[in-house]
Amino acid sequence: MNGREKSAPGRLRAMCSMVLLAPALRLIPGRAAAYSGGACWLSMAVAAPFILLDIWFLSAFMKNRAPGEGMSELLCRALGRAAGGAVSALFSLWFVFYCGFILRSGADRFISTVYPSSAPWVFVGVMLFMGLAAALGAEKTLQSAAAVFLPFMAAALTLVLILAFTTVSAENLLPVTAADAVPVLKGAAPAADVCCAILTDACFLEGGSVKSPRRFRDWSLWLIPQLVLMLALCAVTVGNFGGELTAKMNYPFFAMIRSVRIIKSVERIEALVVALWVAPDFVLVSMLLIIASRTLMKCAGYVSREGGAALDMTHGRFIIWLCALGAGLVSVFIAPDSFALELFSAKIIPGLNIALIFVLLPACFVAGKIRKTI
Amino acid sequence: MKKVTAAALALSLALLSGCSGGSIYANYREIDRLLIIQTIGIDRGADGGVVLSISAGRLGGEPSVCMRAEGPSISEARDLLQNYAPNEVLFYSHINCVVIGEGAAKAGIGKYLDYIQRSVDFRLDTPIFLVKGGNAGDLVMGAAGESRSVTDVLESVKRDVEQSDGGKVYTAAEIAEALSFTGAALVCCVECAAETGADPNAEKSEVTAIPSGCGILMSDALAGYISPQETRGLNFLSGSTGSGTMELSAGKYRATVSMDGAEASLEPVWAEDGSIKFINAAVKLRAGIAEPGYLAPLDENCLTALDGALADEARGWINSALARSKTLSADFAGLGRALELDFPVKYRAMPRSFTDQLPDIIFNVSVTARVGRTYDLENPAGLPGGAK
C-alpha cells in the first residue's frame, strides 16, 4: 500500500459520479441529439449494455490485482516492467492531455454562458491551481471532498431538471419508431464513451481502495443513477428545445437554464448553476492530475507518498508539478478558440479515448493472459 | 504551509467572483446604475443595418425610458444606445419581449434568432411579436406612456392571445425549432393602433398594440399573414379555444357566445404509394351564450341555429387557414408533426415530405358545435322563464 491509507470503494464511486457530471452536462444532450434527434433520451438506455460490458471487462482485469495494486501496477505485471511502464506512461500522458482539455473547456463554458468576451486564462489558472493543491494532498481527501459535494450537486441538478421539466413538450421527444434504432444506437456512443472513460480512470485509483469481491455488481449499481441522470438531461433539454435546435448548441443544458424561472419570481439563475459546476471540474482535474502523477512516479521507480508539504519535491513529488505544468501548457495550446475546441471535443478526445480504452487496454489484458502474468 | 495554501485558494476563488472588480472580464456593472431593458424592437435599417429600439420598465412611478439607435448590427446599435445613456448601464438580461418590424421580418429574422441564441443576455423562451404593416420602433417608442410601457402592452396582448383565443405567442426557441423542422413557422402579430381610439384624452402620438393574427415565416422570412379568424381556426384545429367570444348570426337569431372548449382529431387517408390522399379533420366545439342578440326565448330552435352558425363560422376559418397553408406549401400549422405523433410509422414511410405533399392533400373539415346556456339561464332576464 506504500503508506497510502485505503478508502472505501463507495467513496471512489461517489467521486466518479461527481466527475461524470462535468462531461455529461457539457457533452451529452447536444452530442446525443446530433446523432438521434428527439429520440436521444432513449440512447441513454441503449448505452447501458455497452457500459456494462466495459464494467465486466474492467472487473475481470481488476480481479487479478493484489491488495494495493491499481491499473498501472497490473499493466506492469501483465506486460513486464518495461512494456507495462511504457503503456502506463502513455496513459499518464493521456491523462495530462485530457486534464489540459478539461481546463480549457471548463473556461470556455464560463465564457460562453456567463462571461462573454473574457479571456480563458484566469479560469484556467485558478482551476489548475486548485487542482494542483488537491493533487499535492492525499487522494482520500479528494474522494471525501467529492462525497461531500455530490449531494449538493445532485440537489441543484434535480431542482433545475424539475423546473425545466414544466416546459417540456412531448412532441419534441416523440414519436420513437423502429426507424430510430440506428440513430439511437449512434446516440449512445457519447454516453458510453464518457462512462467508460471514467470507469477506466477509476481503475487507476483502485489501488487506494479496499478490494471489493463484488466489483461488477457494485459498479453496475453505480451505473443506474448515472444513466437515469443522463436520460433526464436529454429528455428535459431536448423536450424544451427540440432535437434540431439542441444539436446546434454548444452547451444546450446551460442555454436551457437561462430560461428557468422559480415560481415566476426568481430568474437568470444560470450564473449560479454554472458556478456550481466548478466543483465537478475541480474534482475531475484533481483526479486526473493524481492519476497521471502517481502513475508516472511508479514508472520512474518512486514510491508514492501521500500528503506532505506542498513544496516538498522529494519522493518524486516534483512529478505532480510537472503534470500540472503539462496540463497548463496543453490548455494554452490546445485550441485558440471555441471552434478548435469543438473539434477536440467532438473528434479527437473521443477518438483517443476509444483507442486507449477499447483497443489498448483489452490488448494488454489479452497479453497478460497469454503470458500468464495476470 | 497548509494555511498559506488555503489562503491562496481562497484568494483565487475571489478572483472568479464579482470581487474581481472588472479585472477578469469586461461586463462588471454597478447594480444601482442598471437600466433594466424589458422590450427591444428590431427594424431593418438603411443598407441592411438594424434600428434597435429599447424600452425599460417603469420604476417608482417614473415613465418608462425608451431609446432608439441605428447600427450595422444589433451589437453595434446596442453600443450606440449605451453612448446615449452615459449615466446608466443598459442591462438586457431581463428582456421579456422582442418586437420585430415588418420590413425586418420580410428580409429574414434568421440573423436575429441567431443573435438571441448566441447572446448570453437573451433567453430562448422570450416571446416574439411581429408588427403587421409597421415598425417595431413605432410601437416600442409610441406605447410608452406615463402609466405604462410597451412591455405592459405586450404582456396584455400575450394574455389576450393565450386566454381569450386559446392561441400562443411563439418564443424564439419555438420559432427556431419550427423553422429547422418544417421550414415554416408562425409568429404572433400585433398592429399599432392610436390610443385615442379608446381614450380621447390620450396623446395623439400614443399607440397601443392589438392582436392581429399571425405572420407566416418561410425559410426565416415573412411570407404572408393569416388573419385573427384564421389563427383562431388553427387553434380550434389543435383543440384549443380559450374563453374568447364569437358573434353568431343565423337567420333571425343572433348571439354572442363565449367559447368553452374543443376536441379535435386528424385522420389521414393514405394512398397506395404511402402518401397522404386526404386528411379528415374533425372538430367539436362547445360554447355558451354570453349575450343574446335580441330579447326572445332561447328555445331549442334558437340553440340549434346557433350550433350551426358556430360550426359554419369555425369551418370557414379552418378551411381558409388550411388553404393558405396549401397555397404556400408551408406547414406552419404543424400538422405534419401532429400526424407523425399519431401515425409515426406510416408518416416516416411517406415517399415525399409532408410539406411537398401539402398542395395535393385534400382536407375534409367537419365541425360540430354545441351552444349551451351560460349559467343555465333559459331566457334573457326580463322575459318569462328564468333559471331552471
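In chain A, helix α3 passes helix α4 in a right-handed crossing, a crossing being right-handed if the near helix is turned clockwise from the far one by less than a right angle, and left-handed if anticlockwise. The structure is a predicted model, in which local features need pLDDT of at least 70 and side-chain atom pairs count only at pLDDT 80 or more, whereas totals for chains, interfaces and linings use all residues. Residues are numbered from 1 along each chain as its sequence is written, while chains are lettered from A and ligands numbered from 1 in the order in which they are written.

Helices (H or I, at least four residues) and strands (E, at least two) are DSSP runs numbered from the N terminus. Helix α3(A) spans residues 71-79 and helix α4(A) residues 81-113; the two pack at an angle of about 145 degrees, with their axes 6 Å apart. Axes are lines fitted to C-alpha atoms, for helices over the stretch in contact, and angles run from 0 to 180 degrees between N-to-C directions. On the α3(A) side, Ser72(A), Leu75(A), Cys76(A), Arg77(A), Ala78(A) and Leu79(A) meet Arg81(A), Ala83(A), Gly84(A), Gly85(A), Val87(A) and Ser88(A) of α4(A), contact being defined by C-beta atoms, placed from the backbone, that lie within 7 Å. The contact of α3(A) with α4(A) comprises six nonpolar, four polar and two charged residues. In this classification Ala, Val, Leu, Ile, Met, Phe, Trp, Tyr, Cys and Pro count as nonpolar, Asp, Glu, Lys and Arg as charged, and the others, Gly among them, as polar.

Helix α4 of chain A also holds Ser92(A). Ser92(A) is buried, with 25 other C-beta atoms within 10 Å; a residue is buried if 20 or more such atoms, placed from the backbone, lie within 10 Å of its own, exposed if 12 or fewer, and partly exposed in between. Apart from residues up to four places away in sequence, Ser92(A) touches Ala292(A), Thr295(A) and Leu296(A).

The axes of α7 (residues 181-205) and α12 (residues 278-299) of chain A come within 10 Å and cross at roughly 50 degrees. The crossing is left-handed.

Two backbone features were noted in chain A. A cis peptide bond, with omega about -5 degrees, joins Leu174(A) and Pro175(A), and Pro175(A) lies in the loop between α6 (139-165) and α7. Lys372(A), in the segment after α14 (338-371), has a positive phi near 55 degrees and is exposed, with 7 other C-beta atoms within 10 Å. Most residues other than glycine have a negative phi, and most peptide bonds are trans.

Chain B contains 12 helices and 13 strands, and 41% of its 388 residues count as buried. In helix α10(B) (residues 335-342), Leu335(B), Gly336(B), Leu339(B) and Glu340(B) are buried. They cover an arc of only 135 degrees around the axis, which puts them on the same side of α10(B); the arc is that of the directions from the helix axis to the C-beta atoms. These buried residues pack against α7 (172-182), β11 (253-270), α11 (344-348) and α12 (354-357) of chain B. Ser219(B), in the loop between β8 (207-218) and β9 (221-226), has a positive phi near 50 degrees and is exposed, with 11 other C-beta atoms within 10 Å.

Conventions:
Two residues are in contact if their C-beta atoms, placed from the backbone, lie within 7 Å.
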